[in-house]
Amino acid sequence: MVNSMTEQLQQEMVCEGLLECLHGHTQLDTACYRVLVESDEPLTIDEVADRVDRERSTAYRSIQRLLQSGFVQKEQVNYEQGGYYHVYFSTPAAQIARDMQRTVNDWYAKMDRLIQVFEEQYEHASNGTTTVE
């Protein structure tokens, strides 16, 4: 069950908790991301899977979630004789931080509007008038 915002604010939050809260990342997603951040070069899915000790398909799903949320980027590498494979690398932390800040700002603005609507609706109700929306 989802905790209320008040309960979440009372809990001690760590950096990885931020990834779960804002993007729905799992612990495995975070582990895959950390592997890519700590690597000096882009990695294949097989290399990521080996480093997080998971099956290739499981690592692939995590990498796909990281791609969708912008934490990871993909590059195609072509073989000279034909064919290709993909490698993955982490998006710069500063870019991710800016995106997360934008998300928090958007959320704050939306919550601020909802609080104003709440106040208006219930202020009218306490004065004996009703508003239908």
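Predicted model: local features only at pLDDT ≥ 70, side-chain atom pairs only at ≥ 80, totals over all residues.
**Overall layout.** I counted out the secondary structure of the protein chain as 6 helices and 2 strands. Reading from the N terminus, I have α-α-α-α-α-β-β-α. I also checked burial: 22% of the 133 residues in the protein chain count as buried.

**H3 on its own.** I took helix H3 as residues 27-38. Its 12 residues, at 1.5 Å each, should span 16 Å, and I find the end C-alpha atoms 16 Å apart, so the two agree. For H3 I listed Leu28, Asp29, Thr30, Cys32, Tyr33, Val35 and Leu36 as buried.

**H3 against H4.** Next I looked at helix H4, residues 45-52. The H3 and H4 axes come within 10 Å of each other and cross at roughly 115°. Angles of 65 to 115 degrees count as roughly perpendicular, so I logged H3 and H4 as roughly perpendicular to each other. The handedness of this crossing is right-handed.

Which residues make the contact? On the H3 side I noted Leu28, Ala31, Cys32, Val35 and Leu36, and on the H4 side Val48, Arg51 and Val52. Sorted by class, the contact of H3 with H4 comes to 7 nonpolar residues, 1 charged and no polar ones.

**Side thought on spacing.** An α-helix has 3.6 residues a turn, so residues three or four places apart point the same way. Back to my burial list for H3: Leu28, Cys32, Val35 and Leu36 are among the buried residues there, and Leu28, Cys32, Val35 and Leu36 are also among the residues in the contact with H4.

Conventions:
Residues numbered from 1 in each chain as written. Heavy atoms only, no water. Axes fitted to C-alpha atoms, helices over the stretch in contact; angles between N-to-C directions. Helix = DSSP H or I, 4+ residues; strand = E, 2+ residues; numbered from the N terminus. Parallel < 35°, antiparallel > 145°, perpendicular 65-115°, else oblique. Left-handed = near helix turned anticlockwise from the far one by under 90°. Contact = heavy atoms within 4.5 Å. Nonpolar A, V, L, I, M, F, W, Y, C, P; charged D, E, K, R; others polar. Expected span 1.5 Å × (residues − 1). Buried < 20%, exposed > 50% of the residue type's maximum accessible area, 1.4 Å probe, protein only.
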